[in-house]
Amino acid sequence: IADNFGIDDCNDAALSIEKEDIPTKYSLSQNYPNPFNPTTLIHFSVPEITNLDLKIYNVLGQQVYSESFNGILPGNYDYIWDGSNFTSGVYIYTIQNNSEVSLKGKMILVK
């Protein structure tokens with residue numbers, strides 16, 4: 001699936017695209033559900049072809065997860081993050097592109 005959307009080196013099962021409307025700006029929505037156990041959906045929008053990094057940090061500011069999307073096409077994306085191997089707590093998730101656009105949100109994993 002990923003190759004059809006210009007995405008390399010990503011977890012195909014975790015990322016899906018909605019090709020209905022091309023967004024005009026970068027956006028990152030609140031994850032759903034929140035709180036969650038063990039998976040949550042992170043929705044983001046990309047207005048141009050770019051390289052994008054999704055990173056997740058614990059409350060101490062330590063990066064605990066990272067996923068890179070190379071050559072991602074414009075569109076609205078849903079990423080399913082699995083917190084099964086992580087402890088309960090508050091996490092910060094960010095997206096950042098190669099032009100330094102950076103957005104963040106807060107999510108809570110409850111086990």
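Buried residues are those under 20% relative accessible area, exposed ones are over 50%, and partly exposed ones lie in between (1.4 Å probe, protein chains only). This is a predicted model, in which local features need pLDDT of at least 70 and side-chain atom pairs count only at pLDDT 80 or more, while totals for chains, interfaces and linings use all residues. Residues are numbered from 1 along each chain as its sequence is written, and side-chain values use heavy atoms, with hydrogens and water left out.

**Figure 1. Overview of the protein chain, with 0 helices and 8 strands.** Helices (H or I, at least four residues) and strands (E, at least two) are DSSP runs, numbered from the N terminus. Along the sequence, the pattern reads β-β-β-β-β-β-β-β. The chain has 111 residues, of which 38% count as buried. A contact is defined by heavy atoms within 4.5 Å. Among contacts with a separation of 6 or more, 62% come from residues 24 or more positions apart.

**Figure 2. The largest nonpolar core, with 22 residues.** A nonpolar core is a set of buried Ala, Val, Leu, Ile, Met, Phe, Trp, Tyr and Cys residues joined through side-chain atoms within 4.5 Å. The residues with the most contacts inside this core are Phe44, Phe69, Tyr79, Trp81 and Met107. Two or more residues each are given by strands S3 (39-46), S4 (50-58), S5 (63-72), S6 (75-82), S7 (89-97) and S8 (102-109).

**Figure 3. The aromatic cluster of Phe36, Tyr65, Trp81, Phe86 and Tyr91.** Rings of Phe, Tyr and Trp (its six-membered ring) pair if their centres lie within 6.5 Å; planes under 30 degrees apart count as stacked, over 60 as edge-to-face and the rest as tilted. A search of the whole structure gives 8 aromatic pairs. Phe36 and Trp81 form an edge-to-face pair, because their ring centres are 6.0 Å apart and their planes meet at 70°. This pair links distant parts of the chain, with Phe36 in the loop between strand S2 (27-28) and S3 and Trp81 in strand S6, 45 residues apart. Both Phe36 and Trp81 are buried. The pair of Trp81 and Phe86 is tilted, because the ring centres are 4.9 Å apart and the planes stand at 40°. Phe86, like Trp81, is buried.

**Figure 4. A nonpolar surface patch made by Val59, Leu60, Val90, Ile108 and Val110.** Like charges are joined within 9 Å, and nonpolar side chains (Val, Leu, Ile, Met, Phe, Trp, Tyr) within 5 Å. The patch covers about 430 Å². Val110 belongs to the segment after S8 and counts as partly exposed, because its relative accessibility is 42%.

**Figure 5. Ile49 in the loop between S3 and S4, with Thr50 in strand S4.** Ile49 is exposed, with a relative accessible area of 59%, whereas Thr50 is buried at 4% relative accessibility. Neighbours within four places in sequence aside, Ile49 is in contact with Gly71, Ile72, Leu73 and Pro74.

Key
Patches are made of residues with over 30% relative accessible area and no salt bridge: like charges are joined within 9 Å, nonpolar side chains (Val, Leu, Ile, Met, Phe, Trp, Tyr) within 5 Å. Accessible areas come from the Shrake-Rupley method with a 1.4 Å probe; for residues, only the protein chains shown count as cover. A salt bridge is a side-chain nitrogen of Lys or Arg within 4 Å of a carboxyl oxygen of Asp or Glu.
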